[in-house]
Amino acid sequence: MSDSQFGFLVSLPGVLVVLAIVLFPIGYLMYISLWQNIILGVLTFSGLQNYAGAIHDPQFWEYLGHTGIYTGGVVSLTFVIGLIIALSLNNIRRRSGVIRTAIILPWAIPPVVAALNWRILLRTQGVVNGILMSLKLIHVPVQWLSVESLAMFCVIMCDVWVNVPFTIVLLLAGLKVIPTQLYDAASMDGAGRLKAFSYITLPLLRPAISIVLIIRTMFAFRNFAIIWGITEGGPGDSTQVLSIWVYKMSFERFRLGYGAAVSVMMLLITMGFVAVYLKFLRFAPQKM
Amino acid sequence: MGRKKILSWRVLVMCVLLVLVGISLFPIYWMFITSFKTNADVAVFPPDLTVKNPTVSSYVQVLNRAPVLTYLRNSTAVCGIAVGICLVLGSLTGYGFSRFRFRGSNLLLLLVIGTRMVPPISLTVPFYLMAKALGILNTWSVLIMCYVFLNLPFAIWIMTKFFDSVPTELYDAALVDGCSRIGWFSRIGLPLALPGLGAVAIISLLWSWSEFLYAFIYTLTPAAQTITVGVFDFIADAFIAYNWLAAGGVFAVLPVIIFVMIFQRFIVGGLVTGSVKG
């Protein structure tokens with residue numbers, strides 16, 4: 001048996017499992033998206049009607065908007081906060097297991113439990129209001145999860161809390177490989193800290209930054225557990241993102257075809273993101 | 001100028017670290033605190049920052065009202081089996097992709113990694129119909145299938161990179177000595193790739209334990225429900241017993257905390273390895 005054949009055979013089980021578990025269901029999903037059940041229980045083939053319906057459905061755009069706000073808020077905040085912390089921690093000599101545990105914990109615990117935690121913290125009679133009131137910052141308890149815009153803010157902040165550790169770890173790893181001689185040379189040439197940051201740190205950090213941004217965007221866009229754990233899409237539908245809407249449509253209203261169509265659109269949007277990121281972030285020419 | 005600058009810089013870093021650790025731990029601390037409060041204490045506003053009359057009554061209530069141990073058993077079993085499958089298949093496929101670059105292996109690797117782009121919610125309906133047809137709804141099997149979907153691509157990717165880092169000389173020399181290709185894998189390759197297997201195992205276990213969406217949809221009775229769904233079950237529509245909710249949360253989180261304390265160095269290492277060369 002040749003090397004090629006052996007390699008193929010040895011890889012086959014894993015590849016087959018992945019293909020079976022992913023490609024087949026995706027095909028099935030696209031197939032389902034072509035059907036509608038206008039009368040309950042009776043399925044009719046409707047071609048691309050579901051997709052056309054989605055595009056004309058104001059709810060689709062509303063929830064897409066929510067998803068966009070959520071994703072944009074989460075990714076930008078997580079990135080900025082993570083970057084600032086990573087830069088600050090870059091020069092620490094002592095490795096502390098205790099501190100590392102503490103910092104990773106928000107990322108390691110189940111997101112839905114983190115969300116439930118935040119629900120406890122943010123209830124009207126909860127500790128956040130308690131602290132804010134004793135600091136005299138507010139006079140009346142704030143209904144964090146009952147006011148629409150506040151609820152979105154809270155949900156975003158919970159996601160940020162959960163995912164900043166991941167960002168810190170990756171950015172720190174990226175920072176560590178930047179040779180310190182570059183900074184020494186720059187300061188000898190009279191470059192200030194800001195210049196050193198823009199011309200040395202940022203460009204050399206680009207691979208790490210792009211990975212962080214791609215992964216965070218993908219995962220924020222599809223988030224279900226965190227939002228479901230805090231608000232279940234509420235109050236009303238103000239924090240309902242696409243994934244929650246698809247869930248409700250498919251498993252509470254049994255509009256499987258429509259849910260499938262939106263699911264396919266979510267997949268296409270994700271692929272679009274990744275393509276855009278890859279083009280502009282990773283393969284853009286580096287100025288050295 | 002140098003010495004003063006270093007001192008104020010150090011103080012700033014210490015402050016950042018303190019704030020970071022504080023913010024990271026406060027919600028978790030709060031969950032523990034709340035779980036030990038009495039029903040009366042939970043209703044007090046503003047809430048006490050410490051527990052004045054600690055009680056384990058919430059834990060008793062939770063254990064009486066919910067099959068927590070069953071949930072934990074289910075979580076452990078499902079995660080263990082799924083990750084085990086991923087380790088076996090992932091290392092075999094990684095070996096094949098890495099050592100024998102057969103025609104199409106690069107494309108297949110890209111395809112496998114590309115499956116990460118599929119939002120899990122998108123596959124909930126197909127998986128549901130498949131599971132129903134196979135009769136495995138509300139069993140461990142459906143969750144194992146889902147968790148293998150979530151983790152196998154990552155496993156294949158990491159193991160391919162790890163086998164890539166094994167010098168070809170080690171392989172060639174062994175074959176010259178008469179070692180078979182599959183023998184090399186079991187006797188030399190796998191032991192060398194142990195760090196990679198460890199990283200995959202740890203990260204996959206964390207992800208699977210924390211998984212919510214699939215467990216929520218596909219398991220309806222405690223027979224197969226995992227701890228994340230079990231905790232969520234404590235939310236009643238009208239009255240939420242926050243101390244009970246917190247106690248349930250502790251059951252879900254305590255294994256994770258212990259796990260992280262033991263493996264924190266490897267978790268960080270695994271994350272870095274998995275992402276440094278995207």
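A salt bridge, as the term is used here, is a side-chain nitrogen of Lys or Arg within 4 Å of a carboxyl oxygen of Asp or Glu. This is a predicted model, in which local features need pLDDT of at least 70 and side-chain atom pairs count only at pLDDT 80 or more, while totals for chains, interfaces and linings use all residues. Residues are numbered from 1 along each chain as its sequence is written, chains are lettered from A and ligands numbered from 1 in the order in which they are written, and side-chain values use heavy atoms, with hydrogens and water left out.

How many salt bridges does the structure hold over all chains? There are four.

I begin with D159(A), which forms a salt bridge with R216(A), the closest N and O atoms being 3.3 Å apart. D159(A) lies in helix 7 (residues 148-176) of chain A and R216(A) in helix 9 (residues 193-221), so this pair ties together parts that are 57 residues apart in sequence. Helices here are DSSP runs of H or I with at least four residues, numbered from the N terminus. Both D159(A) and R216(A) are buried, where buried means under 20% relative accessible area, exposed over 50%, and partly exposed in between, with a 1.4 Å probe and protein chains only.

Also in chain A, R119(A) pairs with E232(A) in a salt bridge, with 3.7 Å between the closest N and O atoms. R119(A) belongs to helix 5 (residues 111-122) and E232(A) to the loop between helix 10 (225-230) and helix 11 (242-251), so the pair links parts 113 residues apart in sequence. R119(A) counts as buried because its relative accessibility is 11%, whereas E232(A), at 30%, counts as partly exposed.

In chain B, D48(B) and K52(B) meet through their side chains in a salt bridge of 3.1 Å, N to O. D48(B) is partly exposed at 31% relative accessibility, and K52(B) is exposed at 54%.

Let us now consider the interface. Contact, meaning heavy atoms within 4.5 Å, involves 90 residues of chain A and 89 residues of chain B. Across this interface there is one salt bridge, in which the side chains of D3(A) and R181(B) meet at 2.7 Å, N to O. Helix 1 (residues 3-32) of chain A gives the most to the side of chain A that touches chain B, with 22 residues.

Definitions and conventions: Helices (H or I, at least four residues) and strands (E, at least two) are DSSP runs, numbered from the N terminus.
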